[in-house]
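Please open the model in your viewer and keep the sequence at hand.

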Amino acid sequence: MSARILDGKFYASKIKEETKAAIANLQHNYGVTPGLTVVIVGEDPASQIYVANKHKTGLEMGIGSEVIRLPEAVGKEELLAVIARLNQDVNVHGILVQLPLPQHIKQYETEIVNSIDPLKDVDGFHPVNAGKLAIGEEGLVPCTPNGCIRLLELADIPVEGKRAVVIGRSNIVGKPMFHLLLARHATVTVCHSRTQNLAEVTREADILVAAIGKPKFVTPEMVKPGAVILDVGINRVGERKIVGDVDFEAVQDVAGAITPVPGGVGVLTIAMLMHNTVRAAQLQQKKMIY
Ligand code: NAD
């Protein structure tokens, strides 16, 4: 058996179409063009590529996309002042601070993320948005797990009543993934680095989400035949190659459906950032109270 390949580009184009229609509605109903400002500090090469992709996608979709580049040596107070200004700017509907921050201000990451107006927090990392998700009131939801859910919906893969296993418990992927699957009535188990007998747990999964950060960690012995595999991992091996957390070649013979890396969940993440920017603009027009 060879698994159905869930092509991220195809589903991302669907999300972008929906988002473009929502942009047209905002322009028509409120005279508003959604604006996204990405703040990047320093010269980290991977971050530069991520930010360039976000900016390019935003422009392609007709979003007011802006990048603020700050020098590596920028201080915490200066960065907080930039965010405070963006929080007040009515033309900026979404604010994203590209992580990780340089070493000398890394310890302030939480404080900096928490200073973003929750209504403009398009990464969905602010405690208000995380809390909303936890109580089943989706505000702005982190892009990567939300992209996984949208992919399941668009690919007509049922979630209700299924056994779902998430490997990884980070605040940006594992935990929000848990809440999103639970809200859609899956029976969800979250595994992590201290889970015992991991393969026994993962073999129960109808839907298996891998968000670990270890190349080809998930092998066929860990997969229930016919399971749906969502591979969130992005691991650089060597100079140019990127692989996921799942051994794609081997697992595709066991799984029912699988996302490739690259070309899977990563592509959806950027599309969902545009979706979140539009959603943030909608919430601001409706003057939602957070
Ligand atoms: P993280 O390092 O914050 O979390 C990794 C998680 O994996 C932890 O909760 C840890 O407990 C778990 N883990 C580590 N070793 C394990 C083991 N041996 N067994 C079971 N669990 C183990 O990482 P993250 O930020 O959640 O990212 C995970 C992966 O997803 C990374 O490869 C990252 O690059 C990728 N990622 C991709 C996107 C995207 O757009 N596709 C977005 C965010 C993260």
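Select N197 in this predicted model; the residue is found in the loop between β6 (187–191) and α8 (198–202). N197 counts as exposed because its relative accessibility is 51%, the cut-off for exposed being over 50%.

Next, display β2, β3 and β4. These strands form an open sheet in the order β3-β2-β4, with parallel pairing. At the edges are β3 (64–70) and β4 (94–97), each of which pairs on one side only. On average, neighbouring strands are turned by 15 degrees against each other, direction ignored. Helix α2 (residues 45–61) packs on this sheet and touches β2, β3 and β4; its direction makes about 155 degrees with that of β3.

Remain on helix α2 and select K56 and E60, which lie 4 residues apart, about one turn of the helix. Their salt bridge has its closest N and O atoms 3.7 Å apart. K56 counts as exposed, at 52% relative accessibility.

Proceed to K76 and E111, whose side chains meet in a salt bridge (3.2 Å, N to O). This pair links distant parts of the chain, with K76 in helix α3 (residues 76–88) and E111 in helix α4 (residues 109–114). K76 is buried, at a relative accessible area of 18%, whereas E111 is partly exposed at 37%.

Finally, select E204 and R163, which form a salt bridge with the closest N and O atoms 2.8 Å apart.

Technical notes. Residues numbered from 1 in each chain as written. Predicted model: local features only at pLDDT ≥ 70, side-chain atom pairs only at ≥ 80, totals over all residues. Heavy atoms only, no water. Pairing = 2+ DSSP bridges. Helix = DSSP H or I, 4+ residues; strand = E, 2+ residues; numbered from the N terminus. Axes fitted to C-alpha atoms, helices over the stretch in contact; angles between N-to-C directions. Contact = heavy atoms within 4.5 Å. Buried < 20%, exposed > 50% of the residue type's maximum accessible area, 1.4 Å probe, protein only. Salt bridge = Lys/Arg side-chain N within 4 Å of Asp/Glu carboxyl O.
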